[in-house]
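Reader: Hi! Could you walk me through this one? I'd like to go topic by topic.

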Amino acid sequence: MALFPAFAEVESNKVEDSSKDLDWLKNKSFQTGDALSLHREYFEKTSERLKKKKSSVDRELSSAEEEKEEQKDCHVPPKKKKKKSEKKKKKKKRHKKKSGTYSDSSGSDSETIYPSDLKREKEADGPLAAPLASRFSWLDDLQSPTEQLFCVDRKADQANWTYKSLYRGDVARYKRKGSSSLGLDPQRQGVSWDESESNKKQKGRDKKEAADRYFSTVSRQQLTTETPVPAFPKIPECSDSSFLPLGNDEENKGGETGGRVQTSSVNPLGVYDSSTALWLQGKGQPEQTEQQKKDIQTGQSALLAGRTEEFNRRLREQPADTQLWIKFIRYQDEVNAAAFGGKEEQQGSGSAERRQSSQRAVLEKKLSIAERAVATNPCCIALQLERLRICQELWEPSLLAKEWKKLVFLHPNSAPLWREYLLFTQSYFSNFTVSKVSSAYGKCLSTLSAVRDGSMVSHPALPGIEEDMLDIFAQQCHFLRQSGHSEKAVSLFQAMIDFTFYKPDSVRELSTKQQVEFFEPFWDSGEARVGELGARGWKAWMLQQERGGWLQPSAEEEEEEEQDGEEVKDRSQPRHTVWLDVESSREAAHWLPWRPDKAKGQSEEDCEDPDRQVLFDDIGPSLICLSSPELQLRLLLRFLSFLGLPVDSVVSGAPCQPGLLLENLSLLTQGNQLQCPLTSHDLTDPGVNSVGLMTTLQGPRKLVGLGKQGETFVTNVFSMVQPVLPAHHRAVLSLSWMQYEKLKVLRCLHGGNKKRLRSQGKSSKRVAKQLLKEPDNRSTLALWREYAHLEWMLGNLDEARKVFSTATAMGGTKGLRSPALCELCLLWAQLEVEDGPGVQGGALTDVTVSPAVCVLTRLAEGSSSSSSSSSQPLSPVSILKARRSYEQALTVGLSALDQKPHNPPASRTGQEELRLRGLTGCYALFQYLTMGIQAANTVYSQARERMEELHRTLILKSDEEDSLANTDASQAAAVSSHISRHYVNRLASECEVLAVQQAALLRYHNRIAVFPLATLRQTLTSALSTWPSSAPLWSIYVQVENRYHSAGRARRFFHSVTRDNTSVLSRLFAIVAEQQRKQLVDAAQRSCCYDALSILPENGLSNRICGLFESAIATEMGSHCPLLWRMYIHFLVSEGKVDKATGIFYKALQNIPWAKGLYMDGVQLFPEHLQEFVDLMTEKELRLRLPLEELDILLED
């Protein structure tokens, strides 16, 4: 049949060939007979319908007339019934239209009959299929199972409306069998059907992000927020201007369509915005409406809700991510600030109560999150510590202490956890006493010793446990010193040295607890201890005990007892001043423990102050075993540092919590000696008070050393310990002793007392010569270097040059290959530059006659530099050869460093190859003297860049090794981690020293010549960003920036460093910089130049300094730093804010109750509270050497 039936006959008459071309026009499914029969039925149905319609219309008209007549007779209003009938008709009509059948209504389009309807009715009249069941039934209950296998469930599922997707169990899944694909060659082609994990996560994330519909809460909140500002301004269609006008939000909001602000008398050019124009008119900004405020708050809450939802989602996916839990806990502070910040500011008087309630609420919320995190990760100590920090502000002290004890009981092998627990016990004022904290230290060390020995089987020893134990031991000694119990601290070190270096062989294999039990009889025997005259040690005492005991020595040696005159020099002084003087003088004189002299017949009852005696119960629990020789040397260096001697910070190891020990202002004022710009940082001040120095913050130092008794003690310690040490350890101790003698001379120089300088110089030179006469020290160039520097400081320049020449001759022909020789020649050249004639433009007019150039050239040649040869001029060829030698040596040294990241050297000679400070410094100074400052700066920059890059590489590798050592508790992994960590620390020290040398040289050149300050600033900022804990670098930076009144650059830099760093040192120097600036401004205001008042306004420096103090003490490290609190109190008193200073003092007591220096500052600044402070010291068991009753007796005439 053709597609068009009207042309069917025409198509059949066609030629056969043409029909093939029109074959696509045929519709083979169309049947002509069916179409004709349907057409006849259509006409029959239509005629019947017309007849029925006429009869129904007649019936309706007659019924309507009858109803009207009835209504007239009954007088009833027919409106309601009529309306109801009309509604029913419309409803019925609509229903019929919807069901697809023709309607009975008159005159409507839906009454048209189509052939398709007739066909559908015919099919419906045929035999029907079996209807499906309307309810579920069990297959076993059906009588004929093959009939009703399916049913139609017409009950609506509410879950499809409630949730955003179908239940995953209702969605069919299909698994692919095989990896083949049709159309591909299986030998050469294939399809990977597996999705990568990243794609799966991305798909899941896309689904979740796309799941939010327009009616969800997040979408509705986004619709209410402000529209974003367009990035590009709309260009006006007709504009003659040659520039693009900037858009204005306020104009758009106000409905202005013009591109310009309306001009007025205060804004004639239209360049001011609306807020500036209002300000020029003396008006303020119009207040925001409630709707605007609500919109802003809604937008902020939507953003915070989105971040919270993101945190929750990530924590559900990664519940073991402890850092994410901690971030989420601290994120609650941001949520609280956004929710309550604006409201509190508006409330005024009720803001404090609201702030307190909101703080309480956020703490409760953080605690619930922390508890959920701990429940998910019960073995994570960081989460446990975070939880306890939150509880510290919510719980009672007794409950908090119980929780801490429970935590350390569950994790007794974790040294970081013990550190936090000890810090809590010594900083929680309400529960603090010295005896409680000392017993906590003893419990900690004895528990860690049991873990280390293996006697505590339940918990294995972690890598580096001995190093952690030594750090905690040194922290306990400093805690006792800061609380005034110097005798106990010194006794602890004495016992540890005997316990470590003089242990009998018969007890070495025993556990630590058993060794301590054997040590107790020696301690109580009354024998001389380390540092006392005639001390022989624990091992010799036990051998002699087996033979029958010691012979009592005759009492011929000690005949004089230091008896000072009257302790009260001036009774007319105020009572608190006398108490401070006597207390500090007794502290300086009586820091050694009192021992009864048996030769004089003394006993323990003869001691006037029982607290000067130390019992074994005070020290026994804190004794530990150190098996490593490096840790044994570190113990000795920690003891020497405790006594006030300079030590190598890399070998001795930096304390884990350095902020606890900072007490001395000299840390912040070092490097201010303008006469020694290059060598003033040779000895850095750690900022920690030595034993015996217990004064107020700004109190003068009465002794340059430890006094006569203390110097004898130090000498006895050296003479006793050195024979039991290996040669390279003895060299380290000798260097520390020599530097201590040089430090005492330096203090005398700063003091300005020539008589004391002369006597101290003689004694220091005598000690230095004795050290150099020892066989092991005769060829040690480091000792010769210190001795020559000592002679130079005393003014004996010719003698110092002879010492330098002798030392270089001993160095032989090693030249640049010897790090010690390079450092010696660098110091000699720096001293010659400081003492030499003026420099013009960074270089002498004739460099061939410069002594410094001669020293550096002879070093590069490998020949000795004598004082006679240095007077002879150099040839230019020798200078060129020296430059070439320096360049090659530095290149070789830096390339050798690049080969060591994968295998850091464990030997001492390998560690010596790392010392490039001398070689780099000599090359840079040589370039400075011969070519200029730019060449020297290039040398330093090249060396620092390579070494700092290596340091970053090693830091990443060290972190990986630490994690490996934690998982694999093998001894080899722990040793490898320790070696790499020591190597990294040495490399960091070298980088820091090079940065200090570079900054010092640039500052020196900036003082003597015209040079742009930007280079020096760039060097200091880059170095401090890498090494923010370097006090010399901060000192130079503060000195450079305070020469200029503009402080914006320095403030921004301080803010950027302190924001990204937890170190308290950078915050201290930021405060010092502002205080020095304030002193300059105050001096200018007090001067007679009244014009300076308008040029140098105060600019709120006092408030800025207070803000810096507050932000510093709000940090975890700053809240436990004694120096920071004491500086804050002194600053407030100097500003006349005594009431606020008193409040800060009591707040400081809550955080550092162990610091006796804080109480002495309180007595000095608030003398009316002397009795209260002394009673508080007695209650907290701090060492009180002068009770007020004894003071009253001393003040009586």
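This is a predicted model: local features need pLDDT of at least 70, side-chain atom pairs count only at pLDDT 80 or more; totals for chains, interfaces and linings use all residues.

Reader: Thanks! How many disulfides does the structure hold?

Author: Zero disulfides are found. Take Cys822: the closest cysteine sulfur, in Cys922, is 5.2 Å away, which is too far for a bond, since a disulfide needs the two sulfurs within 2.5 Å.

Reader: And is Cys822 buried or exposed?

Author: Cys822 is buried, at 1% relative accessibility. Cys625 is buried too, with a relative accessible area of 5%.

Reader: Switching to rings, how many aromatic pairs are there?

Author: The count comes to 36 aromatic pairs. One of them joins Phe493 and Phe642 in a tilted arrangement, with 5.2 Å centre to centre and 45° between the planes.

Reader: Where do Phe493 and Phe642 lie?

Author: Phe493 is in helix H19 (residues 486-501) and Phe642 is in helix H24 (residues 629-643), so this pair ties together parts 149 residues apart in sequence. Phe493 is buried at 1% relative accessibility, and Phe642 is buried at 0%.

Reader: Nice. What about Phe804 and Trp828, stacked or tilted?

Author: Phe804 and Trp828 are stacked, 5.2 Å centre to centre with 5° between the planes. The pair links distant parts of the chain, 24 residues apart: Phe804 sits in helix H31 (residues 797-811) and Trp828 in helix H32 (residues 819-835). Phe804 is buried, with a relative accessible area of 0%, and Trp828 is buried at 2%.

Reader: Which residues form one aromatic cluster?

Author: Phe499, Phe519, Phe522, Trp523, Trp538, Trp541 and Phe616 form one.

Reader: On to helix H48: why is it largely enclosed?

Author: Helix H48 (residues 1156-1165) is largely enclosed by the rest of the structure because nine of its ten residues are buried. Among them are Lys1156, Asp1161 and Leu1165.

Reader: Which helices do the buried residues of H48 pack against?

Author: They pack against helix H18 (465-482), helix H22 (575-589), helix H46 (1122-1134), helix H47 (1138-1151) and helix H49 (1170-1179).

Reader: Last topic, the surface. Which residues form a nonpolar patch there?

Author: Leu269, Val271, Tyr272, Trp279 and Leu280 do, with about 580 Å² of accessible area together. Tyr272 is in the loop between helix H9 (249-254) and helix H10 (274-280). At 34% relative accessibility, Tyr272 counts as partly exposed.

Notes
Residues are numbered from 1 along each chain as its sequence is written. Side-chain values use heavy atoms; hydrogens and water are left out. Buried means under 20% relative accessible area, exposed over 50%, partly exposed in between (1.4 Å probe, protein chains only). Patches are made of residues with over 30% relative accessible area and no salt bridge: like charges are joined within 9 Å, nonpolar side chains (Val, Leu, Ile, Met, Phe, Trp, Tyr) within 5 Å. Accessible areas come from the Shrake-Rupley method with a 1.4 Å probe; for residues, only the protein chains shown count as cover. A salt bridge is a side-chain nitrogen of Lys or Arg within 4 Å of a carboxyl oxygen of Asp or Glu. Helices (H or I, at least four residues) and strands (E, at least two) are DSSP runs, numbered from the N terminus. Contact means heavy atoms within 4.5 Å. Rings of Phe, Tyr and Trp (its six-membered ring) pair if their centres lie within 6.5 Å; planes under 30 degrees apart count as stacked, over 60 as edge-to-face and the rest as tilted.
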